[in-house]
Amino acid sequence: MTRGSVAPKPGEPGVRTGRAAGPGHETSRFGRLLRGGRSGRNGDPGRLMLRLFLRWVRRPLLPAVRLWRRNIQLRVVAMTLLMSLGVVALLGFVVIGQVRNGLLDAKAKAAQSQAAGGFAVARERAANLRTESGAQDGGGTSGRTATSWRSDLVEQLASGGQGAFNVVALSADAANAGNRFPRTSGSVDPSSIPQELRDAVDQGTGTYETYIQIKYNDDHEPEPGLVVGTRLNDIEEYPYELYYVFPLAQEEQSLNLVRGTLATAGLFVVVLLGAIAWLVVRQIVTPVRMAAGIAERLSAGRLQERMKVTGEDDIARLGEAFNKMAQSLQLKIQQLEELSRMQRRFVSDVSHELRTPLTTVRMAADVIHEARVDFDPVTARSAELLGDQLDRFESLLSDLLEISRFDAGAAALEAEPIDLREVVRRVIGGAEPLAERKGTRIRVVGDEQPVVAEADARRVERVLRNLVVNAVEHGEGRDVIVRMAVAGGAVAVAVRDYGVGLKPGEATRVFNRFWRADPARARTTGGTGLGLSIAVEDARLHGGWLQAWGEPGGGSQFRLTLPRTADEPLRGSPIPLEPEDSRQNRERALAEVAGPHLNGHLLASVPVQSVSDRSPLSVPPGAPVPPRTPPQGVDPTALPGNGARVVARPGNERQDSAFAQPASDREDTNRGR
């Protein structure tokens with residue numbers, strides 16, 4: 001079923017009231033936990049501890065989150081800092097990578113050149129020594145020469161680069177490794193040479209290199225380095241491995257220097273960009289904040305506020321346009337206020353000035369009306385019409401005077417503790433003759449307990465009389481139910497009828513002055529058109545609400561909610577605005593009972609009411625019972641009914657037999673209060 005219009009915020013036509021979230025608006029359990037909401041069962045200590053922990057974590061963050069959401073300058077500067085930091089970090093990684101690659105490439109080229117020279121010297125010395133030994137003893141070598149030759153070679157090669165590189169000689173033949181121990185310079189640990197590099201050197205004939213962690217046999221800390229090695233033959237033609245080890249400490253120091261310089265420069269750039277962003281955003285945000293503050297003061301009624309304009313840029317143009325708009329609004333508001341004062345004064349003056357001639361005309365009309373029996377039928381009927389229209393004119397004049405008092409702020413509230421049951425009885429007693437003519441029965445529900453509130457009895461009686469009379473006039477002869485309830489700090493009286501109801505959108509306009517459902521038709525029935533407008537003002541004067549609900553063909557309900565004490569604010573109403581026997585509630589209940597068997601085809605009608613054997617205030621056993629009054633002591637905030645709406649009637653719904661009537665007749669009975 002489609003939703004209709006929303007009734008005015010209590011006492012203020014045209015303002016929408018909020019609706020409670022339905023199943024589609026339910027949040028996740030985790031979201032409720034983050035907001036400190038209720039989840040799980042109350043007896044679960046684990047969930048309770050989790051909720052308390054999340055609340056404890058969330059509480060210190062709330063001020064920061066609130067500041068982040070409210071300060072656009074902070075958000076812009078923070079985003080600028082984050083993006084600048086990302087860009088600087090990316091550029092730093094790229095620059096450091098390029099510098100590192102350049103240093104390593106230069107070091108690798110220099111190491112290869114140095115190692116190639118050393119390998120050539122080792123080959124040349126081995127060849128020369130073999131030649132000399134062969135000439136002396138017929139090709140043999142002394143044991144001392146074979147044992148000390150590698151040590152002498154390592155010392156000779158390492159002497160050319162003290163501190164720049166070290167030399168390591170390892171035996172390639174495992175069978176002869178016991179007689180030929182590793183030879184190193186600079187206390188380099190032979191285990192620094194990785195096994196993968198030794199395997200590559202042992203299997204190949206070229207030069208191989210790799211990056212290693214240089215270990216030392218003394219207290220020297222390990223350091224990164226570059227090793228270059230190849231396979232050679234000693235003076236006895238046994239293979240051995242010769243390695244040049246180049247420390248990279250200097251290159252690492254250079255890279256650290258570049259890294260520190262880039263970090264310092266990057267941090268300075270980020271801070272500088274943040275300061276620049278702060279200043280730039282401040283120049284833009286400050287006029288916006290000024291405009292927002294001035295707009296708030298303008299909305300508070302300080303119409304003389306203006307922005308300070310300096311310069312000729314876009315912000316200055318914005319300030320000039322804002323000031324022109326404020327000036328125009330001030331002039332328009334002053335004109336409207338003056339016009340409103342003139343209109344109120346005109347209505348008040350005219351109403352008072354019409355009192356005297358109206359009294360004279362009333363006296364003359366009464367004389368003519370009393371003598372109508374002596375007139376011919378046409379003249380007698382004219383005298384009766386004159387009396388009826390004078391009654392209507394007097395009622396309209398009284399309503400205009402009352403409206404002028406409200407507009408001038410001269411209406412005074414004479415509040416005293418009253419029992420609304422007595423007021424309802426007087427109202428029903430005055431409406432009984434009209435109800436008998438219409439064939440309507442007025443029933444009262446909820447009068448078992450006192451309904452006491454501090455209110456102006458005259459004004460409350462006027463509001464209820466208007467609601468009851470309207471319900472009888474537009475109820476099409478069906479029952480009118482008056483419900484009373486009290487709960488917490490509020491009392492409420494609801495008047496329910498089962499007549500033509502309200503169309504979508506009419507609940508927002510029914511409280512307007514001189515409003516009619518069909519403005520094309522002349523006002524020949526009903527009151528002056530000011531009754532509900534005065535009723536809303538009376539409810540507002542009490543600090544209460546007057547709200548409307550209705551559906552086409554399903555009747556309507558008007559609810560008056562008042563605080564129990566004069567200065568107590570309302571938080572809810574003890575009576576739901578939408579009655580339980582509305583079409584939507586009945587369809588929902590029927591769907592819950594029948595489930596999928598109805599296949600979406602539900603009956604939409606109000607309860608059928610008998611028109612015979614009606615008493616004004618009695619409730620027959622077979623009559624449909626309206627919603628029961630909530631128990632006393634219930635908090636109004638926990639009760640429904642803070643909103644008002646009109647429910648549209650779908651075109652494919654079936655009508656109850658009690659509502660079967662021609663379309664033309666129903667169109668002519670549209671409500672105009």
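How many bridges join S8 to strand S10, and in what sense do the two strands run? I will start there. Please keep in mind that this is a predicted model.

Strand S10 covers residues 480–487, and four bridges join S8 to it, with the two strands running parallel. Strand S8 itself takes in residues 442–445. Is S8 covered on one face or on both? On both: Ile442 and Val444 are buried on one side, and Arg443 and Val445 are buried on the other.

Ile442 comes up again in the nonpolar cores. The largest of these has 42 residues, and Ile442 and Leu464 are the members that touch the most others. Which residues does Leu464 touch, leaving aside those up to four places away in sequence? They are Val423, Val424, Val427, Val493 and Leu560. There is also a second, separate core, this one of 24 residues, and it includes Ala115, Leu157, Leu226 and Tyr240. As background, nonpolar side chains in soluble globular proteins tend to be buried together.

Leu226 is in S5, where it stands opposite Tyr211. Strand S4, residues 208–214, is joined to S5 by seven bridges, and these two run antiparallel. On its other pairing, S5 meets S6 through nine bridges, again in the antiparallel sense. Tyr240 in S6 is the bridge partner of Leu232. How much of S5 is buried? The strand spans residues 223–233, and eight of its eleven residues are buried, so I would call it mostly covered. Between S5 and S6 the hairpin has five residues, and Glu237 there takes a positive phi near 70 degrees.

Now the aromatic rings. Across the whole structure, a search finds seven aromatic pairs. Why is the pair of Phe119 and Tyr244 called edge-to-face? The ring centres are 5.6 Å apart and the planes stand at 75 degrees, and planes over 60 degrees apart count as edge-to-face. Phe119 belongs to helix H3, residues 72–137, while Tyr244 belongs to strand S6, residues 239–247, so this pair ties together parts 125 residues apart in sequence. Both partners are buried: Phe119 has a relative accessible area of 2%, and Tyr244 has 1%. Tyr244 also pairs with Phe246, and that pair is stacked, at 6.1 Å centre to centre with 20 degrees between the planes. Phe246 is buried too, at 4%. Taken together, ring pairs link Phe119, Phe165, Tyr244 and Phe246 into a cluster.

Last, two helices. Two packed helices are described by the angle between their axes and the distance between the axes. For helix H6, residues 249–299, and helix H7, residues 314–370, the axes come within 11 Å and cross at roughly 5 degrees. Angles under 35 degrees count as roughly parallel, so that is the description for H6 and H7. Which residues meet there? From H6 they are Pro287, Ala291, Ile294, Ala295 and Leu298, and from H7 they are Ile315, Phe322 and Ala326.

Definitions and conventions:
Residues numbered from 1 in each chain as written. Predicted model: local features only at pLDDT ≥ 70, side-chain atom pairs only at ≥ 80, totals over all residues. Heavy atoms only, no water. Buried < 20%, exposed > 50% of the residue type's maximum accessible area, 1.4 Å probe, protein only. Pairing = 2+ DSSP bridges. Phe/Tyr/Trp six-rings, centres within 6.5 Å; stacked < 30°, edge-to-face > 60°. Core = buried A, V, L, I, M, F, W, Y, C linked by side-chain atoms within 4.5 Å. Contact = heavy atoms within 4.5 Å. Axes fitted to C-alpha atoms, helices over the stretch in contact; angles between N-to-C directions. Parallel < 35°, antiparallel > 145°, perpendicular 65-115°, else oblique.
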